[in-house]
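Please open the model in your viewer and follow the stops below in order, selecting the residues as they are named.

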Amino acid sequence: MKKNILKVVFALPLFFFMNSCTDYLDVVPDNVATIDNAFAMRAQAEKFLFTCYSYMPHDADINLNPAILGGDELWSPDDTWAVGDQRARRFLNIAEGFQNIVNPYGGFYWNDLYRGIRDCNIFLENIEKVPDVEETEKRQWISEVKFLKAYYHFYLVRMYGPIPLIKENLPIDADVNEVQVFREPVDSCFSYITELIDEALEGLPVENNDAAMLGKITQPIALSLKAKVLVTAASPLFNGNSDQSALVNPDGTPLFNTEFSVEKWKVAADACRAAIDACHGVGMKLYTYTPVFQDLTDTITNELSIRNSVTEKWNSEIIWANTQSNVDRIQALAQISLDPENLDNTAVRGNLSPPLRIAEMFYTEHGVPIKEDNTWDYNNRYSLETADENISLYLKEGYTSAYLNFDREPRFYASLGFDGGVWYGQGKFDDNEQLYHVEAKNGQWQGKTGQLYGSVTGYWAKKLVNFENVLSPNSLYSVDYYPWPLMRLSGLYLLYAEALNEAEGPGPEVYEYVNLVRERAGLQSVQSSWSTYSNNPTKYTIQDGMREIIHQERSIELVFEGQRFWDIRRWKEATEKLNGSIKGWDLTQKNATNYYIPSIIESQTFGVKDYFWPIQEDEITRNRNLVQNLGW
Amino acid sequence: MSIIQIKLKQIPTNSFHMKYFLFRNSLSVVNVSYNKILFQVLTICFIFFGSNSFAQGQLVTGRVTSESDNTPLGGVNVLVPGTSIGTMTDFDGKYTLKVPSANSVLEYSFVGFVTKSIELNGRSEINVALVTNEESLDEIIVVGFGTQKKTDMVGSVTSISPSKLRVPSSNLTSSLAGRVSGVIGFQRSGEPGADNANFFIRGVTSFGYNNNPLILIDGVELTTTDLARLNVDDIESFSILKDATSTAVYGARGANGVILVKTKMGSVGKAKISVRLENSISTATKNIELADPVTYMKMANEAVRTRDPLGEILYSDSKIANTGLPGSDPLLYPANDWREIMFKDYTMNQRANLNVSGGGGVARYFVSGSFTNDTGIMKKNGTNNLNNNISLKSYTLRANVDVDVTKSTNLVIRLSGNFDDYTGPITGGSDMYNLIMHSNPVLFPAFFPKTEKYKYINHIMYGNYDRGNGAAYINPYAEMTKGYKDYSRSLMLAQFELTQDLSFLAKGLSFRTMVNTKRNAYFDISRFYNPYYYQLKGYDPVSETYIRELINEESATNYLGYNEGEKDINSSFYLESMLNYNHTFNEKHKISGLLVYIMQQRLAGNAGDLQLSLPFRNLGISGRATYSYDDRYFAEFAFGYNGSERFAKNERFGFFPSLGLAWSVSNEKFFEPIKSVVTNLRLRATYGLIGNDAIGAPEDRFFYLSNVNLNDGGRGAGFGRGDGASYSLNGVSISRYSNPKITWEKATKKNLGIELGLYKDLNITVDFYTEDRTNILMDRSAIPLTMGLAATTRANVGEASGKGVDLSIDYKRSFSNGKWLTAVGNFTYATNEFKVFEEPTYDEAYRSRIGNPINQVYGYIAERLFVDDEEAENSPRQNFGEYGGGDIKYTDINRDGQITPADQVPLGHPTVPEITYGFGFSAGNKSFDFSLFFQGLANESFWIDVNGVDANGNPINTSPFQGETQVLKAYADSYWSEDNQDINALWPRLSPTINQNNAQTSTRFMRNGAFLRLKQVEIGYTASENFLKKIHASTLRVYLNASNLLTFSKFKLWDVEQGGQGLGYPVQRVFNLGLNLTFN
C-alpha cells in the first residue's frame, strides 16, 4: 500500500504541470506599449504631433544641409569638426561634382522624409480617435501635420524633381507589387503640395501668441511656403524645362512639362502677395537694429541691422525659423579666435570659408556690381591698398589689404571676415574703442594653423555669428542660439519682385520690394544706383536686366542662409555658375604682396544631371517602377 | 531512458540478491577498510537467514578478473542462464554460487566486458578473466531522452568516446572538428576564455538568426561556453544527433542538430580514485611580421605625398636617419617592437582533475573536482603590483549520486558548479594584439626609465606624443599595464531525477521525472590608472638630457579608478516527465514507447527592456515508438509537439513528426556465407520534420507585438523663444511592426545511412542527407524606402536547402603480443543554397542569391592595380571615392560604364567551410602508445580585413597608417609606388587614410581558408604492474602531447584558421605533459 502511494506521489508532478499547459506560454502581461497607445489620449497624441515635426531637416548642420557646403557659397577643409570621419566631405563632394548613385550624398533624405510622411499619415489616420482633444486644437494639429507633409514632399521635389506622392499610407503587409510606386509628374507634385497647404490654412493660427510656441506653423508660414513652392514651380527648372523631356515613367507618362507657362509666374506672384499681406497683417517688418547698451555709430548700427536680421532670434522679419535646428555648432565653425590673448581657443574652428567669387558678388558701396561700377577699379581689384581712418570700422586703420576689400557695400562688411577686416562684437562692443580685427596671413594671429582650424580661402562667414557670442579662455565659446531662419520677410519680398518681374516685367512694384531690402542694407534704390553709378544705367528697365539684378540682390541678401544652392538650380544657372574654380587668397604667404594672389583650391564641375539628385541605385532595384533621373 | 535504465538491469531481480546487493553496497559507502570482514560476516548471515534459497546442488567458487590488467572485478553478474540462480562478485572479484547441477553453464556479464559462458563440467572452482569490450561501450548510444543499442539505431547519431575529445587545451569545443563526423568546426582565436570554436552540425542550413546546435548536458540546455568548460574526465558519453528521427523529440529546438552529453555516474565497487595532472606550454602558432620602423616612416611619408604632393609629411629625414642607428638616443628616436615589449613568447598552463566514484547497493556516486589555470602571454610592469596578464582559473565541481529508494524507485541527484575567475587586460587579450597592430611604433617610447632626476615620481612615465591640447596617441603598453579587469562567472546546476519502475502495471513500463534549475551569474570590474603621458621637449644642457614634459596633467591620475562592467544574471528551470515502455514479445518482437512532457523557462535579471524581461518559455510533448523484428527489421516513429511563447497564440504550437526504417542485412539468413568478410551491413533511412524557434535576435521577441517607444527623445521636437519660453516633448518611435503570422522555421530532413563492418576490425559509416529549410525569417528587403517604414519588416518567407555526407571509418586491431593499432578517419561535407530569398528583381542574374550558398560573400572582381591616373580616368567609373594609378581596378561586369553594387558577384567559397575532415592513428603495446591526428578543412574563403573597425570605432584591419596602423612586412615588401608601379603588388597605392576604393570587398583580398594541420601528437607510457603495486595504484599513465605542430596552407601572413581575424589573439601551439593515476 505504502509503495503504491509513493508511486502516485511521484507521478503527480506530471499531471500538475500538464494542467497549467495553456497559460504557461502567455508571458506577455497586459498594457505592453503598442502603436494604439499613441492615440489613446491627448497628451500622448501631442507627442505624435511632435514626432511629425521631428523630421524637419536640420538646416543648421553642415553635415545635414546640402545647401551650405554643396554649392559655391562656402567651402571648408575636409575634416570639419568631426576629426577623421570626413562627414563634411559629404556635401563638398556634391560641390565638386562627385555625386554618385551607389550611396548618394544627402540621399538619406529620401529615407528620412518618406518616414516623416508616413508618420504624418499615421497621425492623420488616427487623430480622430483621440477622445480628449478639443475640436479647434485638433483642427490646428491636423493643419500643422498637413503642412509638414507638404513641406517634406516639397523638400524631396527640390532634390529629386518628380517624386512618388504618398498621399495615404500603404498597409505594412502590402503586396510587393503594390509598394512599387511610380514617380508623379512635377506639376502634379506641386499642385498636391499647394493643395495640402491650402487645406492646412483654415486650421492654423494667424500668429503664435505664446512665445513658447514660436516655430509652430502659422498662416503666414503656410502662405509664404506656398509662395515659395509656386515660385519654384514657375522657375525655369520646372517650367518648360526641355532638358528633362526624356524623363518619362515606364508607362510613358512624361514627368516634366516642356511648355513654358507665364501663367505660373502670375499665380506665384499672387501667392507672394498674399503671403506678404498676411505677414504685414501680424505686424512683421524688415528688421533694423536699435542700440540698447550704448550709442553706436551709424556704420555699426547698420551692420548689426544686417547681421541681426538673421542671428537675432525671432526678430521682426523672421516668418519661419526651424526650432528643430538651433544654430550652435555652425556659429563655432564660422567664428575665429579674435582675441590675441586667447588665440588657441579650440571651441571655435573658423572653417566655413566663403570663396573669392562670393566676396566679389557683393556690390560696391554704390550698390551696383563691382564689374558695373564706373567708379570702382575692377581690373585692379587684387592690388594692394592701405586702410585709412575713414573706413576704420570696416578695415583696421593702416592695414594693407586687397582693393577688393575696399569701398564695398555694408553687407560685404557685415557678412564677411577677412585679413585686415574689423570684426565688431564678440566681447568688444564699444565702437569708439579698439575693436577686434583679423590678421590672417601665414604666421599672423589667425593665420591657418593646420588642417582643423581656419579658413581655406581667407574669408569667414561672419554673418552667421551672433555679435554677442563671447570667446573666453579655456576654450570656452558662449553662444547665443538662434533657430535657423527658413523664411525671412526680405527673402519673401525678393520672391515677390522676382515673380512679378517674370510675370509682368519691371515696374514700380518690382522696384519697391527690391528697394525695401536695399534700404535696410544701407543702399540707394535700384533706379538711382544704376542710373548714377552703373556703366549699364538702364539695366533695371528691361526684364532681363531686372532679373539679373533681382538674382544678385537675392544672393547677396540671403548669403550663407542656404538659399543660393537651391536658387541657382531653379534659375537653371548652375551649369554656368558651378563650373569654375573655387579660389581664395594664398594662405601660405606671409606678406601682403604674395598673400593677395588668388589661388585655386578646387575645381567644380556641374552637368545637367547634377540639377537633380540621383535616386540610390538600390532603391531602383527594389522598385523597378522608379525611373532614374537623367544622366545617372 | 538514460543510464539509469542500464543500472536497473544490473540489479538482480531475485529478492535474495537484492538484499545482498543493498547491504553490501551500503556498507561500502560507509567504510571501505572494513569491507572484507563485514562482507564475510554478512555472507554468514545470509546463509543463515536465507536458507530457503539454498536448494540441493553444487557449490561453485571462483574469482573474476579483468584480462587486460588482472585487477579483480567486483559486481560481475554470475548467472545460470534460464534460471533465477545467480550472484555477484565481491570487491575482490570472488563469488560463491550454488548451482543445480555439476554440468550447469555459468554466464559472467559485466558492463564494458564481453559476456563469457563457461560450462562447469564438474569443476567447483572457476576463475574467469573477462575481456574488455570497447565495442560494447559504444553499443549503448545515448539518444534523446534515453539510450538505444547501436545495433537497433534507426536515426543518424554519432557517438564518440570521450577520451577522443581530450586535447591539450581547457576548451572542449576545439576538439570537435575532424573528430566527430557531421561536425563542421573551426577555431578563430586562441585567447584563454575566448577561444570557443565555432561548430555547426551538418553545416549551416539557415540564414536565420541561430545556426547553433542545441547543447544538452545531462538533459539540460546549456551554452557553448558551458560545453567548453566541461572536463573530459567527467564525461560518460558524447553523442551528436543529426537527422530528423533522432532529433524529432526535441521538436521546435532540434533543427540545427543536438549535442547530448552525459556525465559519469558511479558504479558499484570500491572507491575508484582517478587523478589527472597536466602542465602545458602554450605559444602562438604564428606571429605576424611587421615592417621595421624605418620602413614604416618612409612608407608613412610616401602615403601622404603620393596622395597629396603638398601634404605635410610626418617624419623628418633626420628622424628617419637616426632611428635605429647604433648610438642614437632610443628615447629621442624610439623604435618600438610592441610585441616584444608587451608579450612573452610562451606561457604555462595547468589543469588538474580528481574524481572519485564507487558505490554499493543503495547508492552510487561520482564526484569530481577540476581546476584549470590558463594564462596569457602579457608581460607585467614591475613598477606596480598590478597583474594585467590574462589568468583564467576555472573550477568545476560535480557530484552525481544515485540512490535506490525502493526496489523499483531510483533517485539521482546531480549537483554541479562551474566557476571562472578571470583577471586580464581591461579590454581583453585580443584587443591587446590588436593594439599592437594599430599603434605608432616611432613617435614615443613605451615608457621613460626612472632617472635620478625623476626618482620622486611614483607613477610609470608612459611615453606619448601631444597631438595638441593634451590629446594623446594610443600607447598600447600603457593600455595594457594601466590596470586590469576581473570577471567572475558562476554556473550552478541542481538536478533531481526520479525513476519509477511501473512493472506492476505493465511489464517494461517505467516513469521518470526530472527537474533542473540553473543559476548563472557574471560580473566584471575594471581597476585602472589614467596613465601619465610624457614627451620629450627641449634639451637641458646642464643635465645633458632631454626635458620630459607631462602632456595630460588634467586627466592623469596616480590613484586607481574603478569601473563596474557588465552584469549578467539569469536563472532557468526545466522539467521533464516521461513514460517509458520496453518489451520484447515472443523473443523476436521488440517494442518500445516513450512519451515525454517538457517545460522550461529562462529569466534574465538584467534584460534591459520590458519585453526582454518576460520569461522565455517552451512547452512540449514528445514521443517515440520503435519496433523491431528479429534484429533484422527496425522501424521508429518520433514526434515533438512544441510551443514557444514568442509567437501569436494560433502560431504557438508546432507538430514535428518523423519516421525511420532500418534493415540489418547482415542478420539475414542469406547473408551467412559472407558474414566472415562483411561482418556487418545495415541500411537506415529516415524522413521527418524539425523546427527552430530561435529565429531572430533575442531583442526581437514577440513578433506578433509591435515595439513602440512612446517617449523617444530622438523623435521629439521643441519650440519657443528659449530663455524659459519653450515647449518641447519627446516623440514616438517604432522599432518593430507587429506580424502575428510569424512562426517556426521548419526543416524537412532526409537521411540515408549505411553501416558496413569488414573483417570485424574495419567499420565504415556513411550518411547521406538532404535538408529543406522553409519558413526562414527574413527581412523584407524588396520594400522600397518610399514606404517610409521605421523598422524592417520580416516574414517567414525564406527557404534554403542543404545536403552532404558524413563519413567515418575506424579500424581496430589487437595483436597477440599485446600490441594494438587503431586508425580513424572522418569526413564531413555540408553544402547549402538559398532556395527562396526575398530580394529585389535584379537586372543582372548573377546578383541573385538563389542557388548560392548561405555564407557566400558578394563583391567585386579586382583585375589588378591601375597603371596610372590616365588609365583610371579612362576606365569605367568606380563609385567609392578618390582613386587613380596604383588603386584597385574592378571589372565592370554589367558593362554599364561604372562600378556599382550591380557589379558585385559571388566570390570564392562560403565563409563557413564546406568540408571538415580528420584522420589519425594510435598504436601501442602494454607500455607505450603513440598517436597522431591530422585535421583539415576545405572549401572556405576568407578576406584579409582592410576596412574593419570594432564597436568603438577603433581599427581592426590591416590598412597601414589610418588610425596608426602598422605596416605588415608583406605589404612593405610588395606595394604599388610611383617608383615601382607594380600592378600586381600585394598592397595598392599607399594612403594615410583608408582609401574606400581599395577597401571594397573584392577578390583582391580573398584568400583560400583551406588547410591541413597536424592537430595532435601524443606519446604515452603506461607503468608496469610491478611498479603499480609498489605505489598501490591501479593504473599510471604519463603522456606528452602537442597540438598544432604543423600547418599546411598557402596562406602565410598568419595562422590560416583565424581567417579574417588575423590580427587577434593567435591560435596556440601547445606542448603538454600529463599524468593520469588511478587507485582502486
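This is a predicted model: local features need pLDDT of at least 70, side-chain atom pairs count only at pLDDT 80 or more; totals for chains, interfaces and linings use all residues.

The size of an interface is often given as the accessible area lost when the parts come together. Here the area buried between chain A and chain B is about 6,800 Å², and carbon and sulfur atoms give 65% of that.

Next, look for charges that meet across the interface of chain A and chain B, where the rule finds one salt bridge. To see it, select A:Arg624 and B:Asp843, whose side chains come together at 3.1 Å, N to O. Polar contacts across the interface of chain A and chain B come to 18 residue pairs, with both residues at pLDDT 80 or more.

Now turn to the backbone. Most residues other than glycine have a negative phi, and most peptide bonds are trans. Select A:Phe560, which is not a glycine and yet has a positive phi of about 70°; this residue sits in the loop between α18 (543–557) and α19 (564–570) of chain A, and its relative accessible area of 1% makes it buried. In chain B, select B:Glu964, likewise a residue other than glycine with a positive phi, near 60°, and found in the loop between β48 (941–943) and α14 (969–973) of chain B. Is B:Glu964 buried or exposed? With a relative accessible area of 17%, B:Glu964 is buried.

The aromatic rings are the next stop, and the structure holds 80 aromatic pairs over all chains. Show B:Phe371 and B:Tyr395, a tilted pair at 5.3 Å centre to centre, with 35° between the planes. B:Phe371 belongs to strand β19 (residues 363–375) and B:Tyr395 to strand β20 (residues 391–406) of chain B, so the pair ties together parts that are 24 residues apart in sequence. B:Phe371 is partly exposed, at a relative accessible area of 28%, and B:Tyr395 counts as partly exposed at 30%.

Then move to B:Phe1051 and B:Trp1054, whose ring centres are 5.2 Å apart and whose planes stand at 70°, so this pair is edge-to-face. B:Phe1051 is buried at 9% relative accessible area, and B:Trp1054 also counts as buried, at 2%.

Finish at helix α10 (residues 429–437) of chain B, where eight of the nine residues are buried, so the helix is largely enclosed by the rest of the structure. The buried residues of α10(B) to highlight are B:Gly429, B:Asp431, B:Met432, B:Tyr433, B:Asn434, B:Leu435, B:Ile436 and B:Met437. Around them, display α9 (338–342), β21 (409–424) and α11 (476–481) of chain B, against which the buried residues of α10(B) pack.

Definitions and conventions
Residues are numbered from 1 along each chain as its sequence is written. Chains are lettered from A and ligands numbered from 1 in the order in which they are written. Side-chain values use heavy atoms; hydrogens and water are left out. Buried area is the accessible area (1.4 Å probe) that two parts lose on being put together, summed over both. A salt bridge is a side-chain nitrogen of Lys or Arg within 4 Å of a carboxyl oxygen of Asp or Glu. A polar contact is a pair of N or O atoms within 3.5 Å; within protein, one must be able to donate a hydrogen and the other to accept it, and residues adjacent in sequence count only if both atoms are side-chain atoms. Helices (H or I, at least four residues) and strands (E, at least two) are DSSP runs, numbered from the N terminus. Buried means under 20% relative accessible area, exposed over 50%, partly exposed in between (1.4 Å probe, protein chains only). Rings of Phe, Tyr and Trp (its six-membered ring) pair if their centres lie within 6.5 Å; planes under 30 degrees apart count as stacked, over 60 as edge-to-face and the rest as tilted. Contact means heavy atoms within 4.5 Å.
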